[in-house]
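Please keep the sequence and the three-dimensional view at hand while reading.

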Amino acid sequence: MVSRMVGRREFLKSSVIFGLGALVFRKLKFFPFAETSEAKVQSRPVLISTWRQGIAANEMGMKVLSEGGTALDAVELGVRTAEDDPKVMSVGYGGLPDECGHVTLDACIMDWQFNAGAVAFVQKCKNPASVARKVMELTKHVFIVGEGADRFAKMMGFPEVDLLTDEARKRWLEWKRSMSQNDNWLSPEENHDTIAMLALDQQGRVAGAVTTSGLAWKIHGRVGDSPIIGAGLYVDGEVGAAGSTGVGEAVIRTCGSFLVVEYMRNGMHPQKAVEETLKRVLKVNKKWIDKDPNFQVAFIAVNLKGEIGAMGLRKGFQYALYKDGKNQFLDAPNLI
Ligand code: SD4
């Protein structure tokens, strides 16, 4: 009995000492780290956009935010800088055409409350992301395509524009001249420049937009991942957002952006979430990826803390990140 009591007292004493020791150890070694990272992640706003045109898009996005706009305004007007720029030959006006010489545009937009809008196969309007926003805000629908999308854009007051520039037509003619039996419609090199843009504003509202002319020389009527909610873009106001660029077919097969957000919902850091999603993309699309050294897919992501993720399947993916007052153009890591 006595020895049992002493034993219990000893046990309690050593537990208290051990507990205090562990606390001191945590304070010294681990707790400060946790505090630092906690402080660091509270950096809002954050803007992240794919490829070089993301720099101008982020600049515009930040201007919109500083003038009191929301994350949604920031992504809509941010991606518009690429849509309007004929030198960006993979988005909007001046985009490279399909196999028949038609420029066809796809876009979508989504906010932090699951509101979403999308258009595809647009041929007469250079700002499909803004048309997508009108679909989202002024109709009961999510997705309008083709002639109906052009008609809707016209009804909404968007001017009709011939999207094919002289330079894009020249490139199309060169492509046609060099066509051979070996051509692979899915892999011309200059295809990976879709702009996906995500914004987390000061108030913690998250939004995203994606806009593209799709893969150059695609079969007439083909639509990729970019305007598809869940594939090219997904936003969840309680979790964060993700967007993609690259060969859309591979992203559609995996519901890529939705998967990134789901991984984040389950607690993954955005960087880990994009990596795990790319592993899935690789697994599902292996037979196509193995055959084609130019096959690229990439994701960007942001969570509500302002932590970001960016990664390409292969080397070469670059993105623009506006965070902590700096707009930087960065190389993303790659999976293979
Ligand atoms: C598509 N994902 O149409 C687009 C192309 C792209 O960067 O992203 N290019 O499949």
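A salt bridge is here a side-chain nitrogen of Lys or Arg within 4 Å of a carboxyl oxygen of Asp or Glu. By this criterion, Asp73, Glu76, Arg80, Arg133 and Glu137 are joined in a network of salt bridges. The structure is a predicted model, in which local features need pLDDT of at least 70 and side-chain atom pairs count only at pLDDT 80 or more, while totals for chains, interfaces and linings use all residues. Residues are numbered from 1 along each chain as its sequence is written, and side-chain values use heavy atoms, with hydrogens and water left out.

Side chains of opposite charge can pair when their charged atoms come close. Helices (H or I, at least four residues) and strands (E, at least two) are DSSP runs, numbered from the N terminus. Both Arg133 and Asp73 are buried; buried means under 20% relative accessible area, exposed over 50%, and partly exposed in between (1.4 Å probe, protein chains only).

Across the whole structure, a search finds 19 salt bridges. Another of them pairs Arg265 with Asp236, with 2.7 Å between the closest N and O atoms. This pair also links distant parts of the chain, since Arg265 is in helix H8 (residues 256-265) and Asp236 in strand S7 (residues 233-236), 29 residues apart. Arg265 is partly exposed, at a relative accessible area of 37%, whereas Asp236 is buried, at 3%. Glu275 is partly exposed at 23% relative accessibility, and Lys279 is partly exposed at 35%.

The strands come next. Two strands pair if DSSP finds at least two bridges between them. An open sheet is formed by eight strands in the order S4-S3-S2-S6-S5-S1-S11-S12, with mixed pairing. Its edge strands are S4 and strand S12 (326-331), each of which pairs on one side only. Elsewhere in this order, strand S2 (residues 105-110) and strand S6 (residues 206-212) pair in the antiparallel sense over five bridges, and Ile109 has Ala209 in S6 as its bridge partner.

Strand S1 (residues 46-50) has five of its five residues buried, so it is largely enclosed by the rest of the structure. In a regular strand the side chains alternate between the two faces of the sheet. In S1, Val46, Ile48 and Thr50 point one way and Leu47 and Ser49 the other way. Four bridges join S1 to strand S5 (residues 195-200) in an antiparallel arrangement, with Leu200 in S5 as the bridge partner of Val46. S1 also pairs with strand S11 (residues 318-323) in the antiparallel sense, over four bridges, and Thr50 has Tyr319 in S11 as its bridge partner.

A cis peptide bond, with omega of about 0°, joins Arg44 and Pro45; Pro45 lies in the loop between helix H1 (2-41) and S1. Trp51, although not a glycine, has a positive phi of about 65°. Trp51 is located in the loop between S1 and helix H2 (53-66) and is buried, at 8% relative accessibility. Phe114 likewise has a positive phi of about 65° without being a glycine. Phe114 is found in the loop between S2 and strand S3 (116-122) and is partly exposed at 47% relative accessibility.

In soluble globular proteins, nonpolar side chains tend to be buried together. A nonpolar core is a set of buried Ala, Val, Leu, Ile, Met, Phe, Trp, Tyr and Cys residues joined through side-chain atoms within 4.5 Å. The largest core here has 48 residues, of which Val260, Val297, Phe299, Ile300, Val302, Phe317 and Tyr319 touch the most other members. Strand S9 (residues 297-303) supplies the largest share of this core, six residues. Another core, of 37 residues, lies apart from it, and Leu72, Ala107, Ala129 and Ala132 are among its members.
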